[in-house]
Amino acid sequence: MANGAAAVDGGQVWLVNCLNATLDANPQIRTAAEEALKQASVHAGYGVALTKATVNKEIHFGLRQLAAVLLKQYVKQHWQKDEKNFVEPEVSPEDKAAIKELLPAALEDPHGKIRTAVGMAIASIANWDWPEEWPGLMGHLLNLINDRTDVNKVHGALRCLALFAGDLDDVQLPPLVPVLFPALFAIVTSPDAYDSSLRRRALIILHSCISTLGVMSGAYQSQTKELISPMLKSWMEQFALILTPPVPSEDADDWGLRMETFKVLMRIVENFPKLAAAEFPGVLVPLWQTFVSGLKIYEQACVQGIEESFSGMADSDGTDQSLESFAIQLFEFLLTAVSSPRFSKIVRKTVGELVYYTVGYMQMTEEQVQTWSSDPNQYVADEDDVTYSCRVSGILLLEELVAVFEMDGLRLIVEAVQQRLIEASQAKAQGRTDWWKLREAAILAIGTVANSLHEVANTVDESKAGSLTFNFEPFLDSILAEDLGSAGVQECPFLHGRALWAAAKFSTAIDKARSEKFFYAAIMGLGDGMPAPIKVGACRALAQLFEQVDVPSLRPHLGSVFAALAKLLQEASDETLHLVLETLQAAIKADDQAAAAAEPVISPLLLNIWALNVSDPFISFDSLDTLDSLKKVPGCAQPLALRALPVLATILASPQHQPQGLVSGALDLLAMLLKKAPVEVVKAAHDASFKSVVAIVLQSGETSELQNGTECLAAFVREGSEALLEWGGDADQTMRMLLDTVARLLNPEQDSSSALFVGNLVTQLIMQLSVRMAPHIRDLIAALVIRMQSTTVAVFKTTLLIVFARLVHMASPNVGQLIDLLAAIPAKEHENALSYIMSEWVMHQGEIQGSYQIKVTTTALALLLASGHPQLLQIYVQGHIIKSNAAGIVTRSRAKVTPDQWTRVPLQAKLLALLADSLVEAQEQSGASAALDNDEEWEDADEDEDEDDEDEEGDAGAMDVKLNKEPSSVFKELSGYEHLLTEELEDGDYQEDPCAATDPLNKINLTVYVSGFIKQLWERDGVSFEQLCQTLTDSEKGVIQSSLSR
């Protein structure tokens, strides 16, 4: 028949011809036909015509398949209005009825691709129309499934049902289970009638249904139990039958059937553990047989590569059917069983053998060897990023075994590893070329639990430690002797690299003498001609061993380490570059003398890496971090800056001509160079780039450039201080430039994200250039208030609130003057700026991040409260939320109609509440504050406070909160509150704010400070204090009472 069509009615001729034309070799004809179909799709009857063409077996198969694909697309676009991909017009009710009437017949088509396309179309329609608008669909599918006379019907029905079984809800599924599960069971239990692919499809549907039932079991526990219980035993017996035969080689269909069995079992174990536990012993033996026999096939196909593993093979659904995927799915089920308290008891007796075979599965596959040998980046990525693999699955299982079985699990892992090490040695003696894979896997396994082994070795519980027969010394000596010698480097590079990796894992357990031996071996591993896996292992080892060895004694060898790492910097890329930078940073931190000697070579390479990878957030961060470590080496800051500044100056002078991200990155690098830099470096940076940075902040529209530029200016002010104004030759002009940048950033029209760090810049200006800023304070405060009122970004508001906290500290002991100034400045919709600022401050104090910033703001609030200023008495602020008595869930729409209501409380009462909250939070974080628990510390603090009381009248210390006097600044008399200082500055704050390192305020023990403040406040005016406490919560009153009782 012409054009591949026969017995086609007249209405379909045009469609068939059009479909045929879309396959024409002439592009013009193809384009015209495609456009014609597109135009036809908006007319009634188009979907029906496609359906008729799809089900008409007289039409050529290729055209039918094309019609089915177009129908699938048509349904997704036009069937249901308001859907995400909907395109007008919607299919008419008449056309919908016709399509639903005709389409199911194609599910029994002999061509699998037709069944698949039709099944997808039906599944799409079913998601919208079933069961209300298509009540007969499920009955028809079940009839097809139960029809054993035509396997095509079963194929089509299962394919369709599998596509939307996961969308069945708690109303639709329960009535189906009694009829659907027996039909699925009949297919799974009939290997003679149905092949593995059909049986697997039935299990896919079962898996989807059991997953839904598991979700339902939370609300409908008894109902789901009634549905599952009658058929669970027969299903578990069938799973046992599937898993009993040994795993066959080169049979992806069998592996796929077992994979789906594992998935179903996993869902049953997770969702119905009590029901499954009774039947699980019957599955355990077949499961174990699959695990053991599977390893033999896995070793032959994957590890040795002598059989087909079907790597990368997928079924029609896109599901991976390789042997590796089979093994991974098996491990996933085992991991689920081990982590379940109920099932871990069942597998406890087999843990030793489980570990033994797991180590076998963890061997490198031949495909991995080939891939990693040719691509070191992939090797590092797969090792570090926990890539989907059998090795990673094995690692996860070993870690879970230790977590669940603790010492027993650890002991059995050690025993299994020792046995595998013996077997590897025997295989080597027998001349097997792949012997090293088993040894490498054993070392990987023991290294995985290295931290746990080290903890046990250091335990004081000798009864626990004594049950472990692992000795670090012999194991590490065997690695040194057998794996890190010169022999076998080229033959077994991955084993050599794994041995160096083990040195890193066990670094904290290695004595000095062995550490040095491993250190020398790692240095040798960086040598020229060494295979990439060894260099990778050497980097990992060195990064950890630098902290364990006596660096001065090894100093003669550090030059070669830096030279080797410098060469690797030029060769590495992507993942390996991260590793080399990490190792280089460890080397720099290890010895200042060697690092300084290597600086002329290292600095240019690091700067080049930074420049080449400035758009890569990870590599650029690592390179900047390494440069920062180098800068901190005595004598390196200046030469490093002299190398970097000319390049930075060129970039910043013409930002509009730079690649994307380079200007922002250059500003980031400049800020790093300025941080805690010698004054000579700061001046050189000023001369090279200060005006360019100012110009960028004044003109740029890029958020990252404005943020990093603002940070640079803050660093210039912080490190240059008054001298900064003189370096430019005109102090007034420099000051004006700085104020102009602040003005732009505080402009309400400026994006809040771009101005995010202006608070830090303003803080540095008022702290470092206080005399110069004094005339501008009023205008600055007005601008800050307007900017705060223009933004809804809470984190931006908190950065500006910190500026006001700084102003409070700087005004002390004359805080009242600042309060008067704030009260004289207007604020939109508020009585004055003081009222607005305090209402915002008390609302956002709990959102301020960083212990240093919390200390700054909390102590500032205390100073404000201590002032007793009359203006504070006139201000009322947000107190506590008023709980609604309305019943039911508060939906979004309901919340809009009835927003949260808050009490209004006096500002002074709220300030006291915030101080009390800081104590409550401290107790919650530490269980009980050390200061509150330590009576001696409190007695010492009280004694010091009593001594302060005896000072002559008018000379109030930092803790003096007399309501009718101005307290002295907390900066003025440091000796007055030495009893509050902690021994060390808190970690983590210096990167957040460089000022924290030198600010005495950061050494205050905030809990003791606030508690002492509250006590003195009460002692000064008990009546007023009692009034302030009236609005406090019970927890706030509790901590205050605790403070007063000390």
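Start with the contacts of the whole protein chain (contact meaning heavy atoms within 4.5 Å): among those between residues at least 6 apart in sequence, 73% join residues at least 24 apart. What you have open is a predicted model, where local features need pLDDT of at least 70 and side-chain atom pairs count only at pLDDT 80 or more, while totals for chains, interfaces and linings use all residues. Residues are numbered from 1 along each chain as its sequence is written, and side-chain values use heavy atoms, with hydrogens and water left out.

Now colour by secondary structure. You get 51 helices and two strands in the protein chain; these are DSSP runs, H or I of at least four residues for helices and E of at least two for strands, numbered from the N terminus.

Next, select residues 1006–1020 (helix 49) and 1034–1044 (helix 51): their axes sit 9 Å apart, at an angle of about 80 degrees. That makes the two helices roughly perpendicular, a label for angles of 65 to 115 degrees. Axes here are lines fitted to C-alpha atoms over the stretch in contact, and angles run from 0 to 180 degrees between N-to-C directions. Show side chains for Ser1011, Ile1014, Lys1015 and Trp1018 on helix 49, and for Ile1040, Ser1043 and Leu1044 on helix 51, which make the contact.

Finally, switch to accessibility. Of 1046 residues in the protein chain, 52% are buried, which is to say under 20% relative accessible area with a 1.4 Å probe, protein chains only. Pick Cys209: it is buried at 0% relative accessible area. Then jump to Cys712, also buried at 0%.

Terms used:
Buried means under 20% relative accessible area, exposed over 50%, partly exposed in between (1.4 Å probe, protein chains only). Angles under 35 degrees count as roughly parallel, over 145 as roughly antiparallel, 65 to 115 as roughly perpendicular and the rest as oblique.
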